[in-house]
Amino acid sequence: MWGRTTIILAAIGSLTANARPAAGQGAGPERYDVVVYGGTSAGVAAAVQAARMGKTVVIVEPGRHLGGLTTGGLGATDIGNKAAIGGISREFYRAVAAHYAKADSWRQQTHDEYNDRRKASGDDAMWTFEPHVAEAILNGWIADAKIPVKFNERLDLKNGVRKRGNAIESIRMERGLTLEGPVFIDATYEGDLMAKAGVSYHVGREANARYGETLNGVELGHKGHQFLKDVDPYKVAGDPSSGLLPGVHEGGPGVHGEGDHRVQAYNFRICLTDAPDNKLPLPKPPVYDPLRYELLLRYILAGQWDALKLNTPMPNRKTDINNHGAVSSDNIGMNYDYPEADYTRRAEIFQDHVNYHQGMLWFLANDPRVPEKVRADVNRWGITKDEFKDTAGWPFQLYVREARRMISDYVMSQHNCQGREVAEDAVGLAAYTMDSHNVQRYVKDGHAWNEGDVQVGGFSPYPIAYRSIVPTEAQCSNLLVPVCLSASHIAYGSIRMEPVFMVLGQSAATAAAMAIDGKTSVQKVDTTALQSRLLKDGQVLKWTGPKRAPSVDASKLPGVVVDDDKAVLTGQWRYSSSITPFVGDHYLTDGGDGQGDMSARFTIRVDKPGRYEIRLSYSPNANRATNVPVAVRDADGPHAVRVNQRQKPADGPFHPLGAFRLTPDVPAEVVVSNAGADGYVVVDAVQAVAKGVR
């Protein structure tokens, strides 16, 4: 949580987010049954559960606020299926609903409609809220349970963990505070306690081959949050010798599917308002360089203004604005050091993100080169007077989307997300899309290009293994890690949601209490008994609702099948898996954008000459194009076909394009494009089935 333990230099002056008193407090170690390091939402849930189970518990928080991102600006809760959330996590969202049910003054049209839909669906919780409301709820819980909180206390990164054998005996803070206990929980976003306890972890993206995945590592096929217009990346447009604009790096992106050290981008979840009586001016950062936004300016002047498009209405005329599009609030490529950095370096990275994000808003609102319409759109917003009062309206929490990830005896992977592997020792469910923000920006064909964004969903809620929140026993026998849990990069992108962290925090504390009572390691806790207690406390461990239809396994299909991951793509296709059936893990959609700019070229190779029926796979829907152009080139030359993708294919996901003559010496080609399309165009796979092989 170093995002809450640094200095934010707002435009109105210097504000200390973590004023540190003089060292030397405390006469000796303090002892608790459960020591929770990190006051994130997971840390609060863990502490509350430990107290409910009769254990003494303390929260040690490096900053001076509880709740992490839940109270730090992320008011538009990300969760794929709300029915997957139970226990203390759901209690929190019910408490939000109860608060606003009593506060009629908050209502506005969009939220009245939202609330009506929520109640009509039987949802007893509310999933959008103001930061100060979330903080008041969590602080109230801690006060009611009489849980001590040690604010402004950071782990000593040099000598902060003392172990005996494979067990932590005590942890020591920088100012001397020492805490002992039989069980510890690392609920931070960074995983410092986990790392200093000698537990294995990973930073960056694994290669696809590591866990047999398709969406990990360098990702050159996905086109979400990509440039929709060509933008020159050089300081002097058209002159490579002038150097690259800030945020664009030298060299290529790497090899598709290979691992690297890069970390998905961070930003802030900004709470803005258009209410005149609660609005403060957008601050100008202390370090402001308009050249950092030259790429954004060129993108806007090219006709693409979408940087603030992901703007979710909150109560009381507020909003939670997140990154959107090719150039927005994500400070791409500037956080690689953060996960393993010391506090000084993290402070520098934090402040750079403040400067970048505040500077972007200031630039859009004030630079005369920005079109007047855009400036007017931005200037209707301001930061709020009644949020983040001790940091002049700016969030105290950096959105650390991913830092360290533990490597334990069980690593959650893409296979878990998509239901090919099911963890039997479930301690909660995850339900969000596999979501990674971009990790780098580079030059391709003389234009700026992003890499790393993945958004693949369409699967049912799935269980998270208990083994993924405990280390290997030989490394540490009394530590639980509900936030920096054991997961691959792409699986973590699905799990890393605040409601899920609260679920896992509660489960971790339950296991901690059972380990104490059983005088055993956390790894040897009886998972059947653990699950029984979790169910008693309202957790959801098994999904019994509607399930997504399974995707089609290409290896079990007849003939030659070429999936979309083998196609040569032109333009900015996007991954999707929202409508079934489809072949493999996903399909591609043009998103209804860039008509005529996109194509997918499939190459079909056969072993024997003859006539083959060539089929195109797509998932039908009412928004699809009725006139998708498909070009087939066989041994006899080119052929043109039109496909109505609103109609259900004749054979599973496959629609026959016709019979064609194929030979081993001349590969056939199938090219699908969106030229002249009157709706969304979908590309999934092609299949060639022999009709009369000689």
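**Notes on a predicted model**

1. Strand 32 covers residues 610-617 and is mostly covered: 7 of its 8 residues are buried. This strand pairs with strand 35 (residues 654-662). The two run in the antiparallel sense, over 8 bridges.

2. Now the overall picture. The protein has 13 helices and 38 strands. Its C-alpha trace spans about 90 × 60 × 55 Å along the principal axes. How does the radius of gyration compare with that of a compact globule? For 694 residues, such a globule would come near 26 Å, and the protein has 26 Å, so the two agree.

3. Next, burial and surface. Of the 694 residues, 59% are buried. The accessible surface is about 25400 Å². Carbon and sulfur atoms account for 50% of that surface. Contacts also reach across the sequence. Take those between residues at least 6 apart in sequence: 79% of them join residues at least 24 apart.

4. C271 has D320 of strand 17 as its bridge partner.

5. Stay with that sheet and find T384. This residue lies in strand 18 (residues 382-384). Is T384 buried or exposed? T384 is buried, because its relative accessible area is 0%. Which residues touch T384, leaving aside neighbours within four places in sequence? They are C271, L272, T273, N278, L280, K318 and G393.

6. The buried ones are E294, L295, L296, L297, R298, Y299 and I300. Their cover includes helix 8 (343-366) and helix 9 (372-379). Strand 12 (234-236), strand 22 (440-444) and strand 23 (447-451) are also among the covering elements. After helix 7 comes G303, with a positive phi near 110°.

7. E135 sits in helix 4 (residues 131-144). At 16% relative accessibility, E135 counts as buried, because the cut-off is under 20%. Leaving aside neighbours within four places in sequence, E135 is in contact with H65, L66, T71 and F396.

8. Check the hairpin of strand 7 and strand 8. Strand 7 (residues 161-164) and strand 8 (residues 167-172) run antiparallel and are joined by 4 bridges. K163 has I168 as its bridge partner in strand 8. There are 2 residues between the strands, and G165 takes a positive phi near 65° in this hairpin.

9. How many disulfides does the structure hold? The count is 0. C476 is buried at a relative accessible area of 0%, and C484 is buried at 1%.

10. Salt bridges number 46. In one of them, D260 meets R205, with the closest N and O atoms 2.6 Å apart. D260 lies in the loop between strand 13 (239-244) and strand 14, and R205 in the loop between strand 11 (201-202) and helix 6 (208-211), so the pair ties together parts 55 residues apart in sequence. D260 is buried, with a relative accessible area of 15%. R205 counts as buried too, at 2% relative accessibility.

11. D260 has another partner. R262 forms a salt bridge with D260, the closest N and O atoms being 3.2 Å apart. Both R262 and D260 are buried. Elsewhere, the side chains of R533 and D537 meet in a salt bridge at 2.8 Å, N to O. R533 counts as partly exposed, at 25% relative accessibility. Finally, look for a network of salt bridges that links R31, R162, R164, E169 and E180.

How values were computed: Residues numbered from 1 in each chain as written. Predicted model: local features only at pLDDT ≥ 70, side-chain atom pairs only at ≥ 80, totals over all residues. Heavy atoms only, no water. Buried < 20%, exposed > 50% of the residue type's maximum accessible area, 1.4 Å probe, protein only. Contact = heavy atoms within 4.5 Å. Pairing = 2+ DSSP bridges. Disulfide = S-S within 2.5 Å. Rg over C-alpha atoms; globule rule 2.2 N^0.38 Å. Areas by Shrake-Rupley, 256 points an atom, 1.4 Å probe, with all protein chains shown as cover. Salt bridge = Lys/Arg side-chain N within 4 Å of Asp/Glu carboxyl O.
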